[in-house]
Protein chains: 4
Amino acid sequence: MTKTCDVAILGASGYTGAELVRLIATHPGMRIKALTADRKAGQSYAEVFPHLRHLDLPRLTTIGELDTGGIDLAFCALPHATSQEVIAGLPRDLKVVDLSADFRLKDPAVYEKWYGHPHLALDLQAEAVYGLTEFYRDEIKGTRLCAGTGCNAATGLYGLLPLLRAGVIDPDDIIIDLATGVSGAGRSPKEGSLHAEVSEGYHAYNVAKHRHLAEFDQEFSKAAGRKVEVTFVPHLLPQNRGILATIYVRGEGEAVHKALTEAYAGEPFLVVLPYGEAPATRHVRGSNFVHLGVIPDRRPGRVMVFSTLDNLTKGSSGQALQNANLMLGLPETMGLMAAPLFP
Amino acid sequence: MTKTCDVAILGASGYTGAELVRLIATHPGMRIKALTADRKAGQSYAEVFPHLRHLDLPRLTTIGELDTGGIDLAFCALPHATSQEVIAGLPRDLKVVDLSADFRLKDPAVYEKWYGHPHLALDLQAEAVYGLTEFYRDEIKGTRLCAGTGCNAATGLYGLLPLLRAGVIDPDDIIIDLATGVSGAGRSPKEGSLHAEVSEGYHAYNVAKHRHLAEFDQEFSKAAGRKVEVTFVPHLLPQNRGILATIYVRGEGEAVHKALTEAYAGEPFLVVLPYGEAPATRHVRGSNFVHLGVIPDRRPGRVMVFSTLDNLTKGSSGQALQNANLMLGLPETMGLMAAPLFP
Amino acid sequence: MTKTCDVAILGASGYTGAELVRLIATHPGMRIKALTADRKAGQSYAEVFPHLRHLDLPRLTTIGELDTGGIDLAFCALPHATSQEVIAGLPRDLKVVDLSADFRLKDPAVYEKWYGHPHLALDLQAEAVYGLTEFYRDEIKGTRLCAGTGCNAATGLYGLLPLLRAGVIDPDDIIIDLATGVSGAGRSPKEGSLHAEVSEGYHAYNVAKHRHLAEFDQEFSKAAGRKVEVTFVPHLLPQNRGILATIYVRGEGEAVHKALTEAYAGEPFLVVLPYGEAPATRHVRGSNFVHLGVIPDRRPGRVMVFSTLDNLTKGSSGQALQNANLMLGLPETMGLMAAPLFP
Amino acid sequence: MTKTCDVAILGASGYTGAELVRLIATHPGMRIKALTADRKAGQSYAEVFPHLRHLDLPRLTTIGELDTGGIDLAFCALPHATSQEVIAGLPRDLKVVDLSADFRLKDPAVYEKWYGHPHLALDLQAEAVYGLTEFYRDEIKGTRLCAGTGCNAATGLYGLLPLLRAGVIDPDDIIIDLATGVSGAGRSPKEGSLHAEVSEGYHAYNVAKHRHLAEFDQEFSKAAGRKVEVTFVPHLLPQNRGILATIYVRGEGEAVHKALTEAYAGEPFLVVLPYGEAPATRHVRGSNFVHLGVIPDRRPGRVMVFSTLDNLTKGSSGQALQNANLMLGLPETMGLMAAPLFP
């Protein structure tokens, strides 16, 4: 019989918090014992997220009111900067899966450069494991603090890491053109996230300066064993969920396809499509699956790699749950096998 | 330990077929043994529905190729008229859940009036049980043939049946204003279902002549013990899933709310909101839940009842699975407790 | 040769302000001399609304910086309460078309009841003409201050005023079920207007207590010559533009259709569809047209009236321009004949 | 005083046909004398496109019934292959603007390669002028047959032609990543154009083999004075209108920006944004404008060029009208200056 682990979700009033609750609702080995959201403390979860009103959940509290006794693991779905401060104040033996950007970057100088302020919990940063499960599985099993990846970063990394490791592409000529749904921008009201500003339109944003570039640099360079810098242009899609990276590389199409296929053989969530097929964001919606495709260009030596996932699931909360399963000794796929929702 | 039942899905290339596969994919007591789709026979299911490509499923066959040996239950997701013909040809001891309109109407003359041709399987029609689970649970447990309800019909029935039974509203002054997502129109290409024709717009269709009126007449009259005719105006929403009925009745708001609350106490999927709150289609998306609300008008004696469900889940395939669970002796909620997907 | 009138737009950073600029951009008899937006003062209009960057427009200023010398007419697209304060401070001979709710209600007590504070410019309120052009054309021609109608109010009024005047419906049994796009909620960031909260979903809001009820009460009672109170339930659509009112009345269908047809014969913007046809919001998008339809219920004596318009055009800024044309002695339809944008 | 030219639209039941009617509706120098649509002959235009029901238009006829007497110019919005056949049968002195792919490619062998059948009107093909107005203005003024460009092709060409002419980029390393709305796929019912298949999702299609590659090859090579082959990956957006090309080139950002700015100085419809800014499809919706942006990559020597237009307007029908104005001796911008519709 499966054991049941008790978890808390800190910062439960955002979309990644709600996605965690949604997934854990039918997880047979996990139970939600506490939910915090400072500005909405005192409210029932049904008031904040009516789609989860059928669940029997604890009321929202402030972080200050949180009792960590009996909690096996805490998910932190807080804004960056806040997250490092809060986690630094938690008991040192409490397992933590962080969904913010705070513990993704190994080099404090890089963190400071991209996030604009010094890191305030350097010891925790040193200890944290980067949460790209399929590439850090063993470290995640043994860690106390797991840092969730950027959602765009994960999408690009899944498409490229095996190719850089296998040496089948030119590391100096990589372009990641990416399109993402708007839920990644969170639930805080912003003009740029309004329906009237997002629907029926498409545009690039943070061109060549998106913060997930820091993760790309760190992980690609590590995989290639040398410095790798890519071009990265994200776009905003008129949809809520889903990221698609269209990656332009130099190499041979079949070798690229083979490298991906071999790297992900046996992986429960990574699906490589037949050679020549392109994936779609709608076909992974609401799921923990990643679909990958490889299509050769008409110009020899050029290849397109496509990688798609749901930013709220595999790109953040599903990934977090997968890592929590590993950290708690539960089966890795537990609570995560639901099929995508289409249409 | 749970037993495993083997099922077939006939007409698996439409949206309700795919929704059945999606739900059964994580159902612990059911296994898909056959999938048919005459025009797509020979294709893999992944070719037809790429979002389900991670599943290990049988190839699509024609109905003629179907071997019913060892099948415990067949879901028929075929067009009406076709359905009665196909089901008439199945072994008489094979349990069947039909998702078409063919076996919903008890009176053959009414069927002929609304569907434009005589019914060709009158014995089956006599035997079929109307699949509105919460109101026909015992009959469904014992039947061999269960007729799925119309998705719009279910939405209206959930809002009104308890009120007519309890006698808390005037049965002669009921207006059902309803709005539905476009997936209810199916996957067959039609001009009216194109993205360019549906998005960014809203309109009424089949005004005062929608076929689900026949179900309303049958079930409301039965519940009230007298003839009841309602006004019914459906509208098409620029979204894929979800139906919301806004029902205008005469009665006292609190009595109406009480009648709904009492009728659905203990029901796992029917959630009555606190008095004065309105539900939203997005908060039941992809789930088997129904959300109901009651708000009094400013004019005394007038009340609005709101009822919302996902047309592909509780409105068809989720309902079908719930009924199949009952017919197979499985727990009624098995495979159906996933929380709604939002956003 | 047409004269050219100089206009100012106060509160130009919202959607109704931008819609005015869009329409006036190709208006042969009007020229924009000033644009104000206190919080965005100093910015170019292209920064605030990039879709209008091809136009040569004045920079945004504060209202305090506005020089009204040489201005023939000011459009006020400010929030209610602010509007009455600002307009009270303008020169008494400056013509004003107000788009806020401030001058719509004749009875100060009614204003205070619905808007929660006493009116601060009672003399202006007394002087203002209600801007439903087709019903107040002569008064508008002669007024100095025209009060734009509520966008939902206009939609309902167009469907019902001729019927109440002609006495062809029962004034005691009117239900207005209405659905509106989200641009009516404005450009200020709010959680409820986010893409992730609006798209792929539908729900009722402000049920039986929407402020446009005050306009319905005032205008319907006036038209009927007796007190008329309607039931009114607005819903939010997952689209930007467009309002559709589905109005349930008691009367004879053909008489209702005839009353509408006769009332709007010769009106350039009001189009009554053939009897039995239903209009769609997408078919008036971006235009100043109103489409109206009448369909009888299957139950004798009951009729559905449909009325649709674009909330930003005929529901606010297009209406404002039409009234401004009248007030300035320009042809009423000038700058307003562009066909709807579909798809 | 402006003269009035009489025009016919052949193939008026598709989206480009309707867009022509929409634009010509307020064109002061053009009048629609005939509308054809073989399968919908006999219907009123209001039945086919209700958004244009306020217009006084001729009924749809078959092409066989078309009387070209008195017609100054015919727009052909027919499917490719059909178009060449129909145009070959028109009087040789009738001016024609063709919106199909039939006369875009100068080399018959290239046409046959990409479209799969030999060209049947080689003399017309020889005579036709490619309709990219800003680059072929003088030829268009004098031609009898103008070939509309592909909508994707136009988007890419506007971003790149001045750069290849000016020699500021490497012609051997050009990647065009493009995203387009679904109206480009037309009004014929197809599974892939259904709302349920398009909304809330994004994917690449026709990767490295889209037919507009033929136009790119022809025009880029001509501009560069040598063979140029680009990589081209189109994607389908969950929106109706708008194309955005994100073009990855090698060069210096400011030189690239300068080349575009200089090339389009004085052009009424081509707007180059300030250096470092990215355009959005929603900001050109429904208009004849093109917005272009240039942003340097963080990697020296790499630049991103963005080009956006509305596929139905500047990408086809607006372009066609602009060319027709030239061919008829009317002012080039007549009927085309309406501002984009946002939101």
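Good morning. A word of caution to begin: this is a predicted model.

Let's take chain C and chain A. How big is the area buried between chain C and chain A? It is about 1,600 Å². Carbon and sulfur atoms give 52% of that area. Why quote an area at all? The size of an interface is often given as the accessible area lost when the parts come together.

Now, who takes part? Chain C brings 19 residues to the contact, and chain A brings 19 residues too. Three names to remember on the chain C side: C:E191, C:L194 and C:H195. Together they supply 38% of the area that chain C buries against chain A.

Six salt bridges are found across the interface of chain C and chain A. One of them joins C:R187 to A:E197. The closest N and O atoms of that pair are 2.8 Å apart. There are also 13 residue pairs in polar contact between chain C and chain A.

Which element of chain C gives the largest share of the side that touches chain A? It is helix α8 of chain C, residues 195-198, with four residues. Sort that side of chain C by class, and you get seven nonpolar, seven polar and five charged residues.

On to symmetry. Two copies of a chain are related by a rotation about an axis and a shift along it. For chain D and chain A, the rotation is 180° and the shift along the axis is 0.0 Å. That superposes chain D on chain A with an RMSD of 0.0 Å. This is the relation of a two-fold axis. Look for D:P238 on your screen. Of the residues of chain D, D:P238 comes closest to the rotation axis, its C-alpha lying at 3.3 Å. And 100% of the interface residues of chain D are also interface residues in chain A, so the copies meet through the same surface.

Last topic: the sheet in chain C. Seven strands form an open sheet, and the pairing is parallel. Trace the order with me: β3-β2-β1-β4-β5-β7-β6. Which strands stand at the edges? They are β3 (60-61) and β6 (129-130) of chain C. Each has a single partner strand, so one side of each is left without a neighbour in the sheet.

Zoom in on one pair. In chain C, strand β4 (residues 73-76) pairs with strand β5 (residues 95-98) in the parallel sense, over four bridges. Within that pair, C:A74 stands opposite C:V96 in β5(C).

Thank you.

Note on methods:
Residues numbered from 1 in each chain as written. Chains lettered and ligands numbered in written order. Predicted model: local features only at pLDDT ≥ 70, side-chain atom pairs only at ≥ 80, totals over all residues. Heavy atoms only, no water. Contact = heavy atoms within 4.5 Å. Buried area = accessible area lost by both parts, 1.4 Å probe. Salt bridge = Lys/Arg side-chain N within 4 Å of Asp/Glu carboxyl O. Polar contact = N/O pair within 3.5 Å; in protein donor to acceptor, adjacent residues only side chain to side chain. Helix = DSSP H or I, 4+ residues; strand = E, 2+ residues; numbered from the N terminus. Nonpolar A, V, L, I, M, F, W, Y, C, P; charged D, E, K, R; others polar. Least-squares fit on C-alpha atoms with pLDDT ≥ 70 in both. Pairing = 2+ DSSP bridges.
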